[in-house]
Amino acid sequence: MALIKCENCGKEISDKTSKCIHCGTEIGMMKGESSESNQCKECGVVVLETDTFCPNCGCPISKTENKSQKNNKMIKLVIIPLISIFIIAGMVFGIIFLMKESNLEKAKDLYKNGKVEALQTLYNEMNDEDVKQMNEYLNELCNNVNEDYINKEISYEDAKDKILEINKNYKKEMDSSICAKISKDINTLYLSRNHFEAAESFYADGKYEEAYNSYKKVDMVDDNYDIAQENIEKLKPLIAEKYFNEAKAAFDKQDFATAKNKAKKSKEYVTSDECDNFIKNCENEEERVQKEKEEQERQAKLLYPGKKISNGVLDITYNSASLTKSILPTDTSGAYSYRSADSDEIFLDLIFKVKNNSDYDAKISVVEDFAAKYGTKNYNYCNLFYCELDDTYVDIVFSWESIKPLKEVVYHVVLTLPYEAVNTSDTIAVSFKLAGQEQILEFR
């Protein structure tokens, strides 16, 4: 044990004691353990918070705050304003939240009551978040309508009406694409269900191709889609057989074009070697028939001596064709005029007789679209001459040239060729329209 001096009275006491035996001062007070002690400004002795005079020197004690009191007050000064700020902020956010909920709920109420114009006005007072949530709300309603229609809880007409009504309630510049898409989906499903019903009816009536086409229009969103696909596969061979039978019937009638087309239709549903060979056979027969037809048409156009051509006014008879140096009149017994070729040229002269069977003068400029081929050379021009029977003069046929009723003349269609044509055996092919009818001459 050791002796220490009491800081209050200065007398010696044990360091184990808790209190001065002379003045009663607590040892903890002297060691500064208490937060409620001060020092005398005169002698420095520690005094109690409750003392008004120093017990050592009698000096008055001023009421100064200790360090812990100051800290406590400082903490209070900081915490209280912070708490106030948090409270005020909470109130502001609470008011905003309540206002937000109020606008959103009001918007929903206006929708439910069908007040479209009032809702559009309210949108101008709502913030972006309000509008966004209202948009999501309307989208959800659209989805609900779609689900109800898919589940067949409402009719197509009711679904369309509800979607139309919801669409009116979107903010005008707001994105309503989801609503538009759902409207389209509902319409797609409606059409798909109708196609399926029609297909079932066609199938039952044996109208296989109509049923097939209707099943093809059933959409994947339709719960009948899988059934439609199964029936499509069942119908394919039935339709193919129908078309192939029609193709064979057309072939037997030598209608090869129809037969080929029917066989191709059959192949669209089911392919087979038999069908491929049939189509090839049709094409061969079709080609043979076409060649025969072309040859018949060519033969009909060929000029031959005595061939008659008429346009209802003029009766034209083909006489002959020859290579000549001169175009002569019908009467050469005395003096006559004629048309002659140059020394290095030769005429191919096509001779006709033309008679006017009408009661009026008739023009005889009746050659059109003249064309000729000799070797590698092509010609598209000819000269026209005529001569009245028993006349000694050969006239040029001008565009205005005409002959009297019942008059008959000799008519020359003349192609000018190089003189070498006389000494070759090359064919001279001539084609033209005479009185509106196509004519062909294969000379040599």
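Reader: What makes Lys-168 and Glu-165 a salt bridge?

Author: Their side chains meet at 3.7 Å, N to O. A salt bridge is a side-chain nitrogen of Lys or Arg within 4 Å of a carboxyl oxygen of Asp or Glu, so the pair qualifies. This is a predicted model, where local features need pLDDT of at least 70, side-chain atom pairs count only at pLDDT 80 or more, and totals for chains, interfaces and linings use all residues. Residues are numbered from 1 along each chain as its sequence is written, and side-chain values use heavy atoms, with hydrogens and water left out.

Reader: Where do Lys-168 and Glu-165 lie?

Author: Both lie in helix α5, three residues apart, about one turn of the helix. Helices here are DSSP runs of H or I with at least four residues, strands are runs of E with at least two, and numbering starts at the N terminus.

Reader: Why is Lys-168 called partly exposed?

Author: Its relative accessibility is 44%. Buried means under 20% relative accessible area, exposed over 50%, and partly exposed in between (1.4 Å probe, protein chains only). So 44% puts Lys-168 in the middle class. Glu-165, at 32%, is partly exposed too.

Reader: How do you know that Asp-369 and Lys-433 form a salt bridge?

Author: Their closest N and O atoms are 3.8 Å apart, and the limit is 4 Å. The pair links distant parts of the chain: Asp-369 is in strand β11 (residues 367-374), Lys-433 is in strand β17, and 64 residues separate them. Asp-369 counts as exposed at 57%, whereas Lys-433 is partly exposed at 27%.

Reader: Why does Arg-193 have no salt bridge with Asp-222?

Author: Asp-222 is the nearest side chain of opposite charge, but it is 4.6 Å away. For charge, Lys and Arg count as positive and Asp and Glu as negative; His and the chain ends are not counted.

Reader: What makes Leu-119, Gln-120, Leu-122 and Tyr-123 one side of α3?

Author: These four residues of helix α3 (residues 116-123) are buried. They cover an arc of only 160° around the axis, which puts them on the same side of α3. The arc is that of the directions from the helix axis to the C-beta atoms.

Reader: Why is Ala-435 called buried?

Author: Its relative accessibility is 16%. That is under 20%, so Ala-435 counts as buried. Ala-435 sits in the loop between β17 (428-434) and β18 (437-443). Its phi is near 55°, a positive value in a residue other than glycine.
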